[in-house]
Amino acid sequence: MSAALRLVRAPAQDSTALLVGVAKGSRADFARLYDATSGFVFTILNGMLRDRAESEEVLQEVYIRIWTKAHLFDPTLAKAEHWIAKIARHAAIDVIRTRGRRPSTTELDDVGETAAAPQRNPEQELLQKDMSNLMSKCLEQMPPEKAQALQFAYGYGYSYEELVDKFNVPMNTLKSWLRRGLITLKDCVAAQMDGA
Amino acid sequence: MTDDALCAEYVIGVMPEAERAQFEKRLRAEPDLRLLEAFWLETLAPLNQMHTPVAAPNLLPQIERRLFGQVAAPRLTCRSFANRRGAVVLLVALAIIAAKLYLTGVILGL
């Protein structure tokens, strides 16, 4: 496992207990949850928004949403970090859609303090980041353009329209890429889990 | 589109905002849909690790002020505990010195 992955590992399992406490109105658990998960959340926001000041604003918004929506979290279905990542990603996507622009190359080079990674633009990051072995294997089984479309949508909040522009394909083709890519991913993950 | 495909779209984030709001209403009402959502959240979770890690600023006081309308009482951290303990030790030491000086004065008849 790379040093970067060790640094950005998902929060500990007890985040789920803390989130359940937050749902019951515990401000102490809310503070502990912030301590346990804010690095994970801020990494996602900074990676998607590419603007530290904006990421700090959205970080506040994310924890306000966590406080107000915690009662919707079901610990029997999902892990806290997955639910929290969803809240964070959707908050970042809201900002990206509202501002209606992507960072320029210069802005991409100015992203805040990083963990010694020289690569700074999404394409390079996609190639060089180490993800879980299982996910990596499954993405490798996809045609490269489908895997990239999926990662740009998930990791950088690209809309269908933006993906159409980026990959220069018709909308129907792009949607088909994503759907087929997801089916491949789903089958691959299931096969890997069965074989584990 | 199947619910499975809709769930995947929702989790990935490509769903337009209005559709997302509608879908979240369905999620609250349909347990089977929440199961599908949980599956996709878990399946795609490794992609959360694709970004360069950065340290988060401590914005908890601002968040608590926005949520609760006041600054939360300072939390008892190891450092504050150590500071408090240090202050208590200093006060006790000063009290002992003062008592000794007083008793010395009494004994000497000052």
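1. In this predicted model, 67 residues of chain A are in contact with 47 residues of chain B. The area buried between the two chains is about 5,400 Å², and carbon and sulfur atoms give 65% of that area.

2. Polar and charged pairings also occur across the interface of chain A and chain B. The rule finds 15 residue pairs in polar contact there, both residues being at pLDDT 80 or more. It finds six salt bridges across the interface of chain A and chain B. B:Glu42 forms a salt bridge with A:Lys79, with the closest N and O atoms 3.8 Å apart.

3. On the side of chain A that touches chain B, at least two residues each come from α1 (3–7), α3 (27–49), α4 (52–69), α5 (80–99), α7 (122–128), α8 (133–140), α9 (144–156) and α11 (171–195) of chain A. The most is given by α3(A), with 14 residues. By class, this side of chain A has 36 nonpolar, twelve polar and 19 charged residues.

4. Most residues other than glycine have a negative phi. A:Arg50, which is not a glycine, has a positive phi near 60 degrees. A:Arg50 lies in the loop between α3 and α4 of chain A. Its relative accessibility is 7%, so A:Arg50 counts as buried.

5. A:Asn168 likewise has a positive phi, of about 55 degrees, although it is not a glycine. A:Asn168 is found in the loop between α10 (160–167) and α11 of chain A. With a relative accessible area of 70%, A:Asn168 is exposed, whereas A:Arg50 is buried.

Technical notes. Residues numbered from 1 in each chain as written. Chains lettered and ligands numbered in written order. Predicted model: local features only at pLDDT ≥ 70, side-chain atom pairs only at ≥ 80, totals over all residues. Heavy atoms only, no water. Contact = heavy atoms within 4.5 Å. Buried area = accessible area lost by both parts, 1.4 Å probe. Salt bridge = Lys/Arg side-chain N within 4 Å of Asp/Glu carboxyl O. Polar contact = N/O pair within 3.5 Å; in protein donor to acceptor, adjacent residues only side chain to side chain. Helix = DSSP H or I, 4+ residues; strand = E, 2+ residues; numbered from the N terminus. Nonpolar A, V, L, I, M, F, W, Y, C, P; charged D, E, K, R; others polar. Buried < 20%, exposed > 50% of the residue type's maximum accessible area, 1.4 Å probe, protein only.
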